[in-house]
Amino acid sequence: MQTISNRVGLIKPSYFKTSPLLIAKMACNKLKSYSMENEAKIISESITGDTTVEQAYEITSKYIKWKPHYE
C-alpha cells in the first residue's frame, strides 16, 4: 500500500464509540472538507459493516494520519 506524504490529521474516536462505519464517515467528511472527493469515494466503497475496526483504520490510514484520542 502506498501512502500519500501529505495525509490529513484526524483524532481517533473514543474506544467505546469506535466502529468501522464511524471511521469511514469521519475520514470521508474530513477528506471532502479538503476537496479530496476521489479519496473519500475510495474509502466509502472499501469499508462496509463487515469490515473490522483494524481493517478500517488500515484502509483509511492511506489518506488519514490518525492521532490517539487520549494522550
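**Note on the predicted model: helices, loops and a surface patch**

1. K65 is a reasonable place to begin, since at 47% relative accessibility this residue counts as partly exposed, a class that lies between buried (under 20% relative accessible area) and exposed (over 50%), with a 1.4 Å probe and protein chains only. K65 sits in strand β2, where helices (H or I, at least four residues) and strands (E, at least two) are DSSP runs numbered from the N terminus. Leaving aside neighbours within four places in sequence, K65 is in contact with R7, V8, G9 and L10, contact being heavy atoms within 4.5 Å. The C-alpha atoms of K65 and S33 are separated by 15 Å, and the two residues are 32 apart along the chain.

2. Residues are numbered from 1 along each chain as its sequence is written, and side-chain values use heavy atoms, with hydrogens and water left out.

3. Helix α1 has 14 residues and reaches 20 Å from its first C-alpha to its last, close to the 20 Å expected at 1.5 Å a residue; the expected span is 1.5 Å times one less than the number of residues. The buried residues of α1 are P20, I23, A24, A27, C28 and L31. Because they cover an arc of only 125° around the axis, they are on the same side of α1, the arc being that of the directions from the helix axis to the C-beta atoms. An α-helix has 3.6 residues a turn, so residues three or four places apart point the same way.

4. The two sides of α1 can be described separately. The buried residues of α1 are covered by elements that include β1, α2, α3 and β2, whereas the face turned away from the buried side carries the exposed residues K25 and S33. A24, at 8% relative accessibility, counts as buried, and, neighbours within four places in sequence aside, A24 is in contact with I43 and I47. Between A24 and V53, which are 29 residues apart in sequence, the C-alpha to C-alpha separation is 9.9 Å.

5. In helix α3 (residues 53–60), the residues A56, Y57 and T60 are buried. Seen down the axis of α3, these buried residues fall within an arc of 95°, so they line one face of the helix. The buried residues of α3 pack against α1, α2 (37–46) and β2 (64–67).

6. S35 deserves a look at its backbone, for its phi is near 60°, a positive value in a residue other than glycine. S35 lies in the loop between α1 and α2, and at 58% relative accessibility S35 counts as exposed.

7. The loop between β1 and α1 holds S14 and also Y15. S14 is buried, with a relative accessible area of 12%, and, leaving aside neighbours within four places in sequence, S14 is in contact with H69 and Y70. Y15, by contrast, counts as exposed at 68% relative accessibility.

8. Y15, F16 and Y70 form a nonpolar patch on the surface, with about 510 Å² of accessible area together.

Methods
This is a predicted model: local features need pLDDT of at least 70, side-chain atom pairs count only at pLDDT 80 or more; totals for chains, interfaces and linings use all residues. Patches are made of residues with over 30% relative accessible area and no salt bridge: like charges are joined within 9 Å, nonpolar side chains (Val, Leu, Ile, Met, Phe, Trp, Tyr) within 5 Å. Accessible areas come from the Shrake-Rupley method with a 1.4 Å probe; for residues, only the protein chains shown count as cover. A salt bridge is a side-chain nitrogen of Lys or Arg within 4 Å of a carboxyl oxygen of Asp or Glu.
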